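Subject: Structure handover

Hello,

Here is the structure I said I would pass on. My notes on what I found in it follow below.

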Amino acid sequence: MAETFDLVVVGGGPGGYVAAIRASQLKMKVALVERENLGGICLNWGCIPTKALLRASEINHLLHSLDAYGFAADNVRFDFAKVVKRSRAVAGQLSGGVKHLLKKNKVTVFDGQGALAGPGKLKVTKDGKPVAELAAKHIILATGARARVLPGMEPDGKLIWSYREAMTPAALPKKIIVMGSGAIGSEFASFYLNMGAEVTLIEVMDRILPVEDAEISAFVHKAFVGQGMKVITNARVQGVRKGADSITAIVEANGKVQDITADKLISAVGIVGNVENLGLEGTKVEVDRTHVKTDPMGRTGEPGVYAIGDLTGAPWLAHKASHEGIICVEAIAGLHPHPMDVLNIPGCTYCRPQVASVGLTEARAKEAGHEVRVGRFPFIGNGKAIAMGEPEGFVKTVFDAKTGELLGAHMVGPEVTEMIQGYGIARTLESTEAELMHTVFPHPTVSEAMHESVLDAYGRVIHI
Ligand SMILES: Cc1cc2nc3c(=O)[nH]c(=O)nc-3n(C[C@H](O)[C@H](O)[C@H](O)COP(=O)(O)OP(=O)(O)OC[C@H]3O[C@@H](n4cnc5c(N)ncnc54)[C@H](O)[C@@H]3O)c2cc1C
């Protein structure tokens with residue numbers, strides 16, 4: 001006999017577990033099926049453990065910059081195994097926290113693989129053996145995504161790493177090649193560089209962090225090179241040759257082919273959705289390449305079946321997954337949530353220097369037909385950034401010249417991943433330059449650079 005729920009969520013990542021909790025708040029009887037770890041990729045293999053590692057590399061950088069602050073310390077060293085262990089402990093702590101939250105919200109958790117088994121039905125199996133049969137009027141698929149693999153360069157756990165191996169290394173490699181300079185690739189490149197490895201970052205597009213504003217990409221490129229990283233753009237890894245303890249990437253760049261040899265190669269070339277073994281065959285759920293197609297409320301073509309998060313495509317971000325989960329559940333409950341505005345989803349990269357953005361880049365704004373006004377403010381004009389010893393970077397704001405609407409904001413520099421939300425709120429409130437200029441920013445804070453960038457767009461900048 002199938003156990004009956006109002007809602008069954010498949011996948012316990014930031015999309016799935018947040019959807020389950022919101023549904024419980026709305027008085028639904030909810031089950032969640034997770035085959036691996038509660039918290040999904042984000043808590044266990046993504047956002048959180050990488051930030052724990054990056055914290056260690058920031059500390060290492062700081063410890064090697066003590067002189068600038070009037071300190072001296074001899075024999076500064078680290079235990080790499082402990083750095084990795086701490087990252088895993090942080091992930092474990094948060095995954096445990098999700099378990100607690102689901103229990104508190106009376107969500108029934110099933111440990112196993114979920115698959116649709118006819119209208120309103122889901123079967124759960126573990127190691128191929130049946131665990132449960134569930135029935136629900138509503139089923140949300142939140143099964144996430146995994147690393148894209150290039151043929152001939154499949155992660156082998158030894159010489160070629162996916163993000164999982166890159167996050168749990170047994171020892172610090174001396175030389176690393178990072179293939180792909182999106183957020184994940186750039187974060188690993190920055191982590192290993194700041195821990196002392198020799199890093200080569202290879203990007204097929206004409207610039208690193210290709211989704212960011214071109215000026216931001218150029219700034220980070222220069223900063224990485226200044227820190228000692230080798231960065232090659234317009235470059236394609238044609239193949240690899242594996243040695244006993246080394247790997248050689250055959251790289252074609254600007255018409256020339258070169259061999260680059262390292263201890264490890266991290267493959268960070270994109271994301272594919274987990275659409276397999278979900279029982280989608282014979283349903284009206286549409287899959288576009290590896291992502292499930294939905295309407296703005298998360299409905300698929302199959303009545304009663306919804307999809308959220310990484311499974312539904314870019315941007316592959318935890319906060320996008322969670323927000324989609326809330327919208328989907330509220331729509332199921334008959335509320336009238338606002339659909340997601342993809343331009344209001346901030347994106348952050350926690351490399352050194354940090355990068356954060358929301359809305360349209362200057363180029364995209366122009367492509368969309370906007371006449372733009374652009375403001376820029378460098379952190380070298382900001383008292384707090386100078387006091388902190390981190391004056392590198394700038395804030396760029398893009399406005400519609402006719403209406404004053406804030407179309408986009410792009411930042412590189414200290415704490416920008418914490419600050420971008422100020423512009424996020426401005427965009428949600430459909431703020432114009434007038435409200436932003438009228439807002440009082442606390443002094444001294446690095447956030448004052450956000451204000452000055454707006455002022456600059458309108459010829460009123462003070463501190464530069
Ligand atoms: C290295 C790395 C760093 C990242 N850093 C950031 C960051 O800083 N900020 C950010 O916003 N995003 C970051 N991300 C992306 C973020 O992790 C994802 O966007 C987010 O996890 C997506 O959430 P989700 O719920 O859609 O899917 P997931 O987190 O992938 O969760 C899906 C869950 O479903 C389970 N599952 C899959 N199939 C089944 C099935 N059939 N039955 C039962 N369970 C199933 C999986 O085991 C998994 O736990 C990072 C990703 C990586 C890889």
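Leaving aside neighbours within four places in sequence, Glu 187 is in contact with Thr 50, Lys 51, Leu 54, Cys 348, Thr 349, Tyr 350 and Cys 351; contact means heavy atoms within 4.5 Å. This is a predicted model, in which local features need pLDDT of at least 70 and side-chain atom pairs count only at pLDDT 80 or more, while totals for chains, interfaces and linings use all residues. Residues are numbered from 1 along each chain as its sequence is written, and side-chain values use heavy atoms, with hydrogens and water left out.

Glu 187 sits in helix α6. Helices (H or I, at least four residues) and strands (E, at least two) are DSSP runs, numbered from the N terminus. With a relative accessibility of 8%, Glu 187 counts as buried. The classes are buried under 20% relative accessible area, exposed over 50%, and partly exposed in between (1.4 Å probe, protein chains only).

The UniProt annotation "binding site", from an unreviewed entry, covers Gly 180, Ser 181, Gly 182, Ala 183, Ile 184, Gly 185, Ser 186, Glu 187, Glu 203 and Gly 270. These residues span 91 residues in sequence, yet no two of their C-alpha atoms are more than 13.9 Å apart, so they gather at one spot. UniProt positions are given in the numbering used here, feature names are shortened, and annotations may be inferred rather than shown by experiment.

Gly 182, another of the annotated residues, is found in the loop between β9 (175–179) and α6 (183–195). Gly 182 is partly exposed, at a relative accessible area of 29%. Leaving aside neighbours within four places in sequence, its contacts are Glu 203 and Leu 209.

**Domains and the parallel sheet**

The protein is divided into domain 1 (3–147 + 272–342), domain 2 (160–269) and domain 3 (353–457). Those bounds come from an automatic or database domain assignment. Taken over C-alpha atoms, the centres of domain 1 and domain 3 are 31 Å apart.

Strand β9 belongs to an open sheet of five strands, in the order β8-β15-β9-β10-β11, with parallel pairing. Its edge strands are β8 (160–161) and β11 (230–232), each of which pairs on one side only. Two strands pair if DSSP finds at least two bridges between them. Strand β9 is joined to β10 (residues 198–202) by five bridges, running parallel, and Ile 176 stands opposite Val 199 in β10.

**The ligand**

There are 39 residues around the ligand, of which Gly 15, Glu 34, Lys 51, Gly 114 and Asp 310 come nearest. A residue is near a molecule or strand if one of its heavy atoms lies within 4 Å of it.

An N or O atom in the side chain of Asp 310 lies 2.8 Å from an oxygen atom of the ligand. A backbone N or O atom of Pro 14 is 3.3 Å from an oxygen atom of the ligand. For Cys 47, a polar backbone atom is 3.4 Å from a nitrogen atom of the ligand.

**Antiparallel strands**

Strands β4 (residues 113–116) and β5 (residues 121–126) pair in the antiparallel sense over four bridges. Leu 116 has Leu 122 in β5 as its bridge partner. Their hairpin has four residues between the strands, and Gly 118 takes a positive phi near 105° there. Strand β5 also runs antiparallel to β6 (residues 129–141), joined by six bridges, with Lys 121 opposite Ala 135 in β6. In the hairpin of β5 and β6, which has two residues between the strands, Asp 127 takes a positive phi near 50°.

Strand β24 (residues 406–412) is mostly covered, with seven of its seven residues buried. Five bridges join β24 to β21 (residues 355–359) in the antiparallel sense, and Val 358 stands opposite Ala 409. Strand β23 (residues 394–400) pairs antiparallel with β24 over six bridges. β23 and β24 form a hairpin with five residues between them, and Gly 404 in the turn has a positive phi of about 80°.

**The annotated active site**

UniProt places the feature "active site" (unreviewed entry) at His 443. His 443 lies in the loop between α12 (433–438) and α13 (448–457) and counts as exposed, at 63% relative accessibility. A polar contact of 2.8 Å joins the side chains of His 443 and Glu 448. A polar contact is a pair of N or O atoms within 3.5 Å; within protein, one must be able to donate a hydrogen and the other to accept it, and residues adjacent in sequence count only if both atoms are side-chain atoms.

Regards
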